[in-house]
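Thank you all for coming; I would like to walk slowly through one structure this morning, taking a few residues and elements in turn. Please keep the picture in view while I talk.

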Amino acid sequence: MKGIRQLAEHLDISIGTVSRALNGKPDVNEETRKRVLAAAEQLGYVANQSGRSLRQGTTNVIGLMIQSSRETVENSDNFFLTVTGGLQSVLSRHKLDLIMLPCPHDEDPYEYLKRMVARRIADALIISETHRVDKRFDLLAKAKIPFVALGRSLSGTQHPWADLDFDGVVNCAVDRLVAHGHRRIAISAPSSDINLGFVFVEGYRHALERHGIAYDPALVIRAKSSEQGGYQVADELLRLEQRPTAVILIYELMAIGLYRRMMEAGIIPGRDIAVVSFREAPRAKFLQPALTCFRTSLHDLGVELAEILLSGMPAYSQEYPRKTRQTIWPLELIPGESDSFHLMAAE
């Protein structure tokens, strides 16, 4: 079948009745509705969603914009796979579809988003990998397109977002390492200007200050968030004249590369250097010694993002009336063996 007209002719009832039956309108007799639905399935009728969207002015689609790069493709632990599960569990309640919008690594995210907005391919958007100053916030606000950001920004301070607690993680990690006797603590930070890196480094500086430890910029190693990046971090730490006794990694898979480079140099993680990683990752859980890291439910984070987004959409806001529009998402410390040793006072 090619359309609703042919379906109506096949059933010998009006196009209007068929349309109301397919759309679940209450003024259609239940027996007629069942007959229409059964015939539609038997004859392979599929509604013209594009035409319906034009008539209604909506697409019933939510877009999730991510950065598509070699790193995200190679890192099979990409957390978006789990986050989208949480997103869809909420969106499906409202018959909303989620589509991925992968921005190529060599294209300006702002220009890419402008193109998506001009095409009106989604009713609302979720943007990720927010930058310190991110023009996408203002673009979406001016276009009056509902959105939520996975990550904070200095732009659009009044707009909705949810972000992992990078500040809380680095403060907790520094407190734990200082309690174990460490004073020379290094961290990894992203090589890009993504905002989470600024939050992480600022939290690190404040944590050191609380413990009366001077901030040393040489101990902030910028690298790609990958296994190779972890190898690079270890290599740079090994070349320092005064090597740190502990390191905090901003990305979980970096631990694999860091362990490899340290062991090549005869430095044993968990014995010669303490390692704390940002988040628990399936591929990193087989490292020995077991990695001290932080755990969170990415599925629940996806649920939170979806509910924040829907709370700002007029068609759904009444179902989420008390939703907090800006959320810091907590993580729980999972102690391992990679930082369990204590330094002697002389060290």
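Let me begin with His180, which is buried, its relative accessible area being 11%; here buried means under 20% relative accessible area, exposed means over 50%, and partly exposed is in between, with a 1.4 Å probe and protein chains only. This is a predicted model, in which local features need pLDDT of at least 70 and side-chain atom pairs count only at pLDDT 80 or more, while totals for chains, interfaces and linings use all residues. Residues are numbered from 1 along each chain as its sequence is written, and side-chain values use heavy atoms, with hydrogens and water left out.

His180 sits in the loop between α9 (166-179) and β6 (185-190), where helices (H or I, at least four residues) and strands (E, at least two) are DSSP runs numbered from the N terminus. Which residues does His180 touch, leaving aside its neighbours within four places in sequence? It is in contact with Asp339, Ser340, Phe341, His342 and Leu343, contact meaning heavy atoms within 4.5 Å.

Another loop residue is Thr59, between α4 (49-56) and β1, and Thr59 is buried as well, at 17% relative accessible area.

Now to the aromatic rings. Rings of Phe, Tyr and Trp (for Trp, its six-membered ring) pair if their centres lie within 6.5 Å, and planes under 30 degrees apart count as stacked, over 60 as edge-to-face and the rest as tilted. By this rule there are five aromatic pairs. In one of them, the ring centres of Phe137 and Phe147 are 5.7 Å apart and the planes stand at 85°, so this pair is edge-to-face. The pair links distant parts of the chain, since Phe137 belongs to helix α8 (residues 135-142) and Phe147 to strand β4 (residues 147-150), 10 residues apart. Phe137 is buried, with 0% relative accessible area, and Phe147 is buried with 6%.

Tyr204 and Tyr215 have ring centres 6.1 Å apart and planes at 70°, so they too are edge-to-face. Tyr204 lies in helix α10 (residues 195-210) and Tyr215 in the loop between α10 and β7 (220-223), so the pair ties together parts 11 residues apart in sequence. Tyr204 is buried at 1% relative accessibility, whereas Tyr215 is partly exposed at 29%. Over the face of Tyr215 lies Arg205, at 4.1 Å from the ring centre; a charge sits over a ring if NZ of Lys or CZ of Arg is within 6 Å of the ring centre and within 35 degrees of the ring normal.

Let me turn to helix α6. Its buried residues are Phe80, Val83, Thr84, Gly86, Leu87, Val90 and Leu91. Why do they count as being on the same side of α6? They cover an arc of only 160° around the axis, which puts them on that one side, the arc being that of the directions from the helix axis to the C-beta atoms. The buried residues of α6 pack against β1 (61-68), β2 (97-104), β3 (124-128), β4 and α13 (298-311).

Finally, the cysteines. The structure holds zero disulfides, a disulfide being a pair of cysteine sulfur atoms within 2.5 Å. For Cys293, the nearest cysteine sulfur is that of Cys172, 12 Å away, and Cys293 is buried, with a relative accessible area of 6%.
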